[in-house]
Amino acid sequence: MERTINWGILGCGKIAHKFASDLLLVNHTKLLAVASRNKSNAADFASKYGANMSYDNYEALLSHPGIDVIYVATPHGLHHEHVMHCLQYGKAVLCEKAFALNSNQAKQMIDTAREKKLFLMEAFWSKFSPPFITMMQQIREGRLGEIKSVLANFGFIPQPPVADRIFDPALGGGTLLDIGIYNVFYALSVLGKPDMIETSMTPASTGVDEQCAILFKYNSGAFAQLFSSFTTQLPTEMFINGDRGRIKINSRFYTANAVVEFYLGFMDSRELIPIAETQGWGYHYEATHVNECLRKGLTESPVMTHADTLLLMETLDRIREKWK
Ligand SMILES: NC(=O)c1ccc[n+]([C@@H]2O[C@H](COP(=O)([O-])OP(=O)(O)OC[C@H]3O[C@@H](n4cnc5c(N)ncnc54)[C@H](OP(=O)(O)O)[C@@H]3O)[C@@H](O)[C@H]2O)c1
């Protein structure tokens, strides 16, 4: 019989709702307690997802007995503070993306988890989802030949009421850390660390990027062209182009229900690659993985490693350095 893993949720916003509803799909898993800054929000959240306890402050959650892991679902600008707090209380953590505001913060969080021998993982859910796994398998099997380019776009117009975190610099606002991060993550997964980066952005009135264009260049000759926007509705699709074949992932390429198509040549050679149907939103894949890591006593995921998180954060730093 598998050991039940007891979860806590810190911050009861939009993504926390989706994650908590998917947690109900995972066997031998219990949402033990949740915390919100708002008492009735915490109580409503707890009753909706069957948590035993709700708190109106984050600190109280950290002292709740029996929690194995805390899911940090606050805006990225607060991840460093909240994760460090969880670690100081001896709790394992699954922290939403973007993991931190910059790589210095990320390093500190990872170093602290290592020192304290506590599990810490960035909640990069796409890496655990069937479309991403299928895409990587096709590439590894050589079906695309040598990868020459990755083209990705991700854009939507935030609808009112727009959450503070979308445009507030202190909370990590801007497209890059919120949605452009997916473009960057997929490009890194397929082509690795870029040898050169060119980029430009359009600032919103708060100074954060409301649109951003990025070009990764590789000594091999490969390119990644990445675009994110809060001012236009984009198809949010991705193309991975090799010298033998190409893959198109749409729509909303980063989700668990994305469609993966393989093309040998032109449009008439389209092959739909079958993907296991996903229940819920698709956050249960990462939650199941965290449970498995904890049962094995691991302090780092072998799938979404600390090195993956640091490379991602360092690349996001390199992009923003270019914007000055
Ligand atoms: N993996 C994914 O698919 C995905 C999707 C969306 C977002 N995310 C990530 O998840 C994080 C949260 O995003 P979200 O869309 O859930 O945001 P959200 O709806 O604004 O929720 C964030 C929650 O953080 C808490 N919080 C604490 N201090 C805050 C402050 N100063 N300002 C605003 N909120 C504060 C609030 O919860 P309480 O009031 O309950 O304390 C708030 O509801 C972000 O890092 C985002 O990038 C991931």
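Student: At what angle do helix 4 and helix 5 pack, and how far apart are their axes?

Tutor: Two packed helices are described by the angle between their axes and the distance between the axes. In this predicted model, helix 4 (residues 79–88) and helix 5 (residues 103–115) pack at an angle of about 10°, and their axes are 10 Å apart.

Student: Are helix 4 and helix 5 roughly parallel or roughly antiparallel?

Tutor: Angles under 35 degrees count as roughly parallel. Helix 4 and helix 5 are therefore roughly parallel to each other.

Student: Which residues of helix 4 and helix 5 meet?

Tutor: From helix 4 come His-80, Val-83, Met-84 and Leu-87, and they meet Gln-105, Met-109, Thr-112 and Ala-113 of helix 5. By class, this contact of helix 4 with helix 5 holds five nonpolar and three polar residues, with no charged residues.

Student: Which residues make the contact of helix 5 with helix 9?

Tutor: Helix 5 supplies Ser-103, Ala-106, Lys-107 and Ile-110, while helix 9 supplies His-306, Thr-309, Leu-310, Met-313, Glu-314 and Asp-317. These residues divide into four nonpolar, three polar and three charged.

Student: Into which domains is the chain divided?

Tutor: The chain is divided into domain 1 (5–125 + 281–302) and domain 2 (130–277). Taken over C-alpha atoms, the centres of domain 1 and domain 2 are separated by 26 Å.

Student: How many residues of domain 1 are in contact with domain 2?

Tutor: The size of an interface is often given as the accessible area lost when the parts come together. Here the description is by residues: 10 residues of domain 1 are in contact with 10 residues of domain 2. The side of domain 1 that touches domain 2 has six nonpolar, three polar and one charged residues.

Student: How many residues surround the ligand, and which are the closest?

Tutor: The ligand is surrounded by 25 residues, and the closest are Gly-11, Gly-13, Lys-14, Ile-15 and Ser-36. Helix 1 (residues 14–23) contributes the largest share of the shell, three residues. By class, the shell comprises 11 nonpolar, seven polar and seven charged residues.

Definitions and conventions:
Residues are numbered from 1 along each chain as its sequence is written. This is a predicted model: local features need pLDDT of at least 70, side-chain atom pairs count only at pLDDT 80 or more; totals for chains, interfaces and linings use all residues. A residue is near a molecule or strand if its C-beta atom, placed from the backbone, lies within 6 Å of it. Helices (H or I, at least four residues) and strands (E, at least two) are DSSP runs, numbered from the N terminus. Ala, Val, Leu, Ile, Met, Phe, Trp, Tyr, Cys and Pro count as nonpolar, Asp, Glu, Lys and Arg as charged, and the others, Gly among them, as polar. Axes are lines fitted to C-alpha atoms, for helices over the stretch in contact, and angles run from 0 to 180 degrees between N-to-C directions. Angles under 35 degrees count as roughly parallel, over 145 as roughly antiparallel, 65 to 115 as roughly perpendicular and the rest as oblique. Two residues are in contact if their C-beta atoms, placed from the backbone, lie within 7 Å. Domain bounds come from an automatic or database domain assignment.
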